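Here's a quick tour of a fold, one piece at a time. Have the viewer open as you read.

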Amino acid sequence: MVDDEKNVRSLLIAWLFREGFLCNEADDGAEALREIGQTHYDLVVADLRMPNRHGHSLCQEILSQGDRPRLVVVTGVDDPRLLRDLRSRGVDHIFQKPVDASEFVSRIRELTQSSASSIHVSGSRSRAASRSNADEHDTGEDSRMPAVALLLHDMRRAQELAAQLKRESLLPFVPESTDALCCLAESRHLEMLVLENSRFGFLRPQDLVSHLKSSTALTEIILLGDENAPPGAVSGGPSAPKVISRHASDAEVVQAVRGKIAAMNRSRRTVSPQARELVRPFASLSSAQQSLLKLAKFLTLPESELKPDGLADEVMADADATVEILRLAKGASAGLRGQIGDVMDAITRLGVTRSAALLVCSGIKGAEKPLLRRMPLPLREWYQRRSALNAAFAAAFAQKYFGLSGDVAFIQGLLQDIGIAALGATFEDRYARLVSRARACGPAHLHVVEREDLRIEHSEISAALIEQWGLPDEFVRTVRFHHGPKAGGTETLQVIDPMRIAESVADLCDNRHACRRQDFFQQLVSCCDGGLEESLGGLEGAAALASEIAQQFRVPLSDEPLLRGIFRELRDPAASTAI
Ligand SMILES: [Fe+2]
């Protein structure tokens, strides 16, 4: 969204956000061109009269690019010659101000959809006409399609699967050997690797994958093997490998590939390349942390699929997770009386969700340590208090007001601001000064100050980091959009609401300015049916619950007296002393 008038930009972005579009903004043509050079955009909306670089020159530049975004002009300029010129050059649509919201949004939707389908259709056509063998060189159109390599012992089956993937508008490759696969990975980016989970000559699958990781950083992996056996040390790509049975039908394998590609596309829209780049130094995990964090998948399962033996099998397959669950269950904070027999006993008595959440919490605490070490001390202490508040209040509100699992909300609350730790570890004192400014200024939101100063906000960084750590896609999306407004596809992520209330509690602890109190009231009223009075009456109960949950997770709240004062003030504004 390119416009030098902030109000216009914000309004148009708000219309599009509500319809599920993700927007970035620039306030002049020069800045817009820098942005377009760094990130792929589907569509650019540009004003004409702007400083630094006039919109007409910006449009000319965009239109001269080969694989250009769609281009829409929104202007108050009423010069028929100029507008005719822009149309003749290929601008996709021109809106004259004032603009009608529904017309604007529906035209943008048409343009983005037609842009996606034109790539899809022409891609299929070009393949049908020119490609009989998947190993031929790419055409321009093919280079836009997700490339999938299939390395199986049974070459005939691999060829048959490749034929089916072609019909799904994917670009399959069937290397004849591990050497051929490595050459292929060096010559082009592979979105996905379908790999049989057994030895290829001297190479184990994990050796192959670790070799490939150096050339194809983001390759997702589907392992064809024994479903009940863990994928062993195979890890690569932004999320854990998906294991499907070697006896699965071809249709099931194709379905799994399509599912992973769809998740990747969703995640690409969620996390920007800049955020991924920033968290790269913090992406690696020890094997113990990996095995704890991968248990987060148990926090996304429906109630009917939560079986103690399922979790116990995974925990017992890993020595670190086994030691950790027994340690946690025997700890005083778990509230269990009597001797704990074994892993199954611990999980049954704690409950599957609580057990998985405790283990994931330990994994997060371990993974976070290198980040904390690099943060300036006062910033680190503030961040740790804030993250405990976020987690405990997200859990308490989720449980008390939304009927959701407090354990699941606790973990997402713990993750929502982890980007602050990554920003603190990266920018150190510069970021510490930014945080001090945001805390001292009542009306300021930290994420807005971050965007103004660093051009990125901590929710994006949190999402990028937990994506790299292999946490579930659903967590990545809630964390990414926890500052709102809700983007497309997040309607089902109910836990976002308690996460937002929790963050407004943390913001109030920093500064009790009237704007922050107002923010908190708005969050509270928007999600509690009983009206403000009733919601405020329940606050102390929520605070007590938050404190109890935090103790159980051994992430205690250190701001309790402060919180009691704040909640008293919220109920009785006359008692307010701080502005
Ligand atoms: Fe946040």
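Helix α6 (residues 155–167) lies across β4 and β5, running at about 165° to β4. A few ground rules before going further. This is a predicted model, where local features need pLDDT of at least 70, side-chain atom pairs count only at pLDDT 80 or more, and totals for chains, interfaces and linings use all residues. Numbering starts from 1 along each chain, following the sequence as written. Helices (H or I, at least four residues) and strands (E, at least two) are DSSP runs, numbered from the N terminus. Axes are lines fitted to C-alpha atoms, for helices over the stretch in contact, and angles run from 0 to 180 degrees between N-to-C directions. Contact here has a cut-off too: the C-beta atoms of two residues, placed from the backbone, lie within 7 Å.

Now the sheet under that helix. It's an open one of five strands, in the order β5-β4-β6-β7-β8, and the pairing is parallel. Strands β5 (171–173) and β8 (242–245) are the edges, each pairing on one side only. From one strand to the next, the twist averages 20°. Two strands count as paired if DSSP finds at least two bridges between them; β4 (residues 147–151) and β6 (residues 192–196) have four, in the parallel sense. Look for Leu151, whose bridge partner in β6 is Leu195.

## The three-stranded sheet

There's also an open sheet of three strands, ordered β1-β2-β3, with parallel pairing. Its edge strands, each pairing on one side only, are β1 (43–46) and β3 (93–96). Neighbouring strands here are turned by 15° against each other on average, ignoring direction. Four bridges link β1 to β2 (residues 70–75) in the parallel sense, and Val44 stands opposite Leu71 in β2.

This sheet has a helix across it as well: α3 (residues 55–63) lies over β1 and β2, at about 170° to β2. Pro98 sits in the loop between β3 and α5 (101–130). For context, most peptide bonds are trans.

## A bent helix

What happens to α18 at Glu428? It bends there by about 125°, the bend being the angle between axes fitted to the seven residues ending at a residue and the seven starting there. Helix α18 (residues 418–440) has 23 residues, yet its end C-alpha atoms are only 21 Å apart, short of the 33 Å a straight helix would reach at 1.5 Å a residue. That expected span is 1.5 Å times one less than the number of residues.

## Cores and the whole chain

The largest nonpolar core has 96 residues, and Val360, Ala392 and Ala422 have the most contacts inside it. Helix α16 gives the most to this core, with 13 residues. Another core lies apart from it, with 33 residues, among them Ala149, Leu184, Val194 and Leu224. A nonpolar core is a set of buried Ala, Val, Leu, Ile, Met, Phe, Trp, Tyr and Cys residues joined through C-beta atoms within 7 Å. Leaving out residues up to four places away in sequence, Ala392 touches Ala546, Ser547, Ile549, Ala550 and Leu557.

Zooming out, the chain has 26 helices and eight strands, and buried residues make up 40% of its 579 residues. Of the contacts between residues at least 6 apart in sequence, 65% join residues at least 24 apart. Take Ala263 in helix α9 (residues 250–270): Ala263 and Asp473 are 210 residues apart in sequence but 7.5 Å apart in space, C-alpha to C-alpha.

## Two arginines with positive phi

Arg455, in the loop between α19 and α20, has a phi near 65°. Arg455 counts as exposed because it has 11 C-beta neighbours inside 10 Å.

Arg554 has a phi near 55°, also positive in a residue other than glycine. Its loop runs between α25 (539–552) and α26 (560–571). With 15 other C-beta atoms within 10 Å, Arg554 is partly exposed.

Notes
A residue is buried if 20 or more other C-beta atoms lie within 10 Å of its own, exposed if 12 or fewer, and partly exposed in between; C-beta atoms are placed from the backbone.
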